Amino acid sequence: MTAETNKLDPHQWVQAHADYLYSYARARINDEEQARDLVQETFLAALEKSKSFEGRSSERTWLTAILRNKIIDIYRKKSSKLVATDVLQAEEEQADFFNPEDGHWNSQRAPQPFGIDDYDPLAGKEFNQILMKCMQKLPALWMSVFTMKHIDEETTDVICAELKLTSSNFWVIIHRTKLNLRACLQKNWI
Amino acid sequence: MEALKKITHNCKHATLLIEKKLIARLTLREKVFLRIHLFGCGVCRLYQQQTGKINEMVRQLFHSSVQDVKLDDNFKKDLQDRIEEELNKN
């Protein structure tokens, strides 16, 4: 039995995959125009290397991988500029959440119960918008780390290597991202 | 007593370990720290519940891919034209 191989059909690409790729990019890049450009670049790059498509994955998976690499390039460019200032800012802000002496919650920043505790994910479209908004407020590097970890489910080693982070930077960023995200949700929950 | 206080008061470290635990394995030392801390700290127990739920919701949001972002039709038409153009070159 021969395995079925997938074929490329560039005449149908836009209709079949453009919206998907665009929403993939928008979820990871907080810039409409850049996301649009990325979709275009992805198709053009795909045409160029269409000979290397071996049909082992689906057309969409193959296109998404090309897009994903382009997004990581952008993250990488941003992160090399941002690591120093971002992490510094993170550590300064930490004083807001915790007592610098012993690390105890500052009482006004301590988590409180809010709608999330009995939230039913299937019910809430409004909530998704709040979540998106809170995520988009994150600094670019934090957003990159967060999406690579939680959406793409990359391993920590891969993320650190791709973004040139030390493992302790990585944990500071993960920690800070969640503290901020949680606080933002608590504040904006209707 | 002083050593114990370092554990029970340090919510900053406890929340870091809570995040770490969601992604990676904690060392034995970290596990012990977290267990002692959470035993006495209701606020961090609440944090742990909420942060775990946030992860779940983020994953669901993106994997359900029910996002309402779409490209506009003109852009798509131009894009397909551009692709056809490239195809004809070869």
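Start with both chains in view: 40 residues of chain A are in contact with 39 residues of chain B, where contact means that the C-beta atoms of two residues, placed from the backbone, lie within 7 Å. This is a predicted model, in which local features need pLDDT of at least 70, side-chain atom pairs count only at pLDDT 80 or more, and totals for chains, interfaces and linings use all residues. Residues are numbered from 1 along each chain as its sequence is written, and chains are lettered from A and ligands numbered from 1 in the order in which they are written.

**The side of chain A that touches chain B**

Select helix H1 (13-28), helix H2 (32-48), H4, helix H5 (140-150) and helix H7 (167-188) of chain A; each supplies at least two residues of the side that touches chain B. Helices (H or I, at least four residues) and strands (E, at least two) are DSSP runs, numbered from the N terminus. Colour this side by residue type, and it divides into 23 nonpolar, nine polar and eight charged residues. Here Ala, Val, Leu, Ile, Met, Phe, Trp, Tyr, Cys and Pro count as nonpolar, Asp, Glu, Lys and Arg as charged, and the others, Gly among them, as polar.

**Chain A**

Now show chain A by itself. It has seven helices and zero strands. Of its 190 residues, 32% count as buried. A residue is buried if 20 or more other C-beta atoms lie within 10 Å of its own, exposed if 12 or fewer, and partly exposed in between, with C-beta atoms placed from the backbone. Among contacts in chain A with a separation of 6 or more, 70% are between residues 24 or more positions apart.

The mean for chain A is 83, and 85% of its residues reach 70 or more. Confidence is lowest in H3(A), at a mean of 75, and highest in H2(A), at 93.

**The cores**

Next, select A:Leu21, A:Ala25, A:Val39 and A:Val145, the residues with the most contacts inside the largest nonpolar core, which has 40 residues. A nonpolar core is a set of buried Ala, Val, Leu, Ile, Met, Phe, Trp, Tyr and Cys residues joined through C-beta atoms within 7 Å. H1, H2, H3, H4, H5, helix H6 (156-163) and H7 of chain A, together with helix H4 (42-63) of chain B, each supply at least two residues of this core. The largest share, eight residues, comes from H1(A).

Centre on A:Val145. Leaving aside neighbours within four places in sequence, A:Val145 is in contact with A:Ile159, A:Leu163, A:Phe170, A:Ile173, A:Ile174 and A:Thr177. Then pick A:Leu179, B:Leu17, B:Ile18 and B:Tyr47, which are included in a second, separate core of 13 residues.

**A stop at A:Arg109**

Go to A:Arg109, in the loop between helix H3 (59-97) and helix H4 (125-136) of chain A. A:Arg109 is partly exposed, with 14 other C-beta atoms within 10 Å. Beyond its neighbours within four places in sequence, A:Arg109 is in contact with A:Asp96 and A:Phe97. A:Asn99 is ten residues from A:Arg109 in sequence and 10 Å away in space, C-alpha to C-alpha.

**Chain B**

Finally, show chain B, which has five helices and zero strands. Its radius of gyration, taken over C-alpha atoms, is 24 Å, well over the 12 Å that the globule rule gives for 90 residues, so chain B is more spread out than a compact globule. The globule rule is 2.2 Å times the number of residues to the power 0.38. Along the principal axes, the C-alpha atoms of chain B fill a box of roughly 80 × 30 × 15 Å. Of the 90 residues of chain B, 24% count as buried.

Technical notes. pLDDT is the predictor's confidence in each residue, from 0 to 100.
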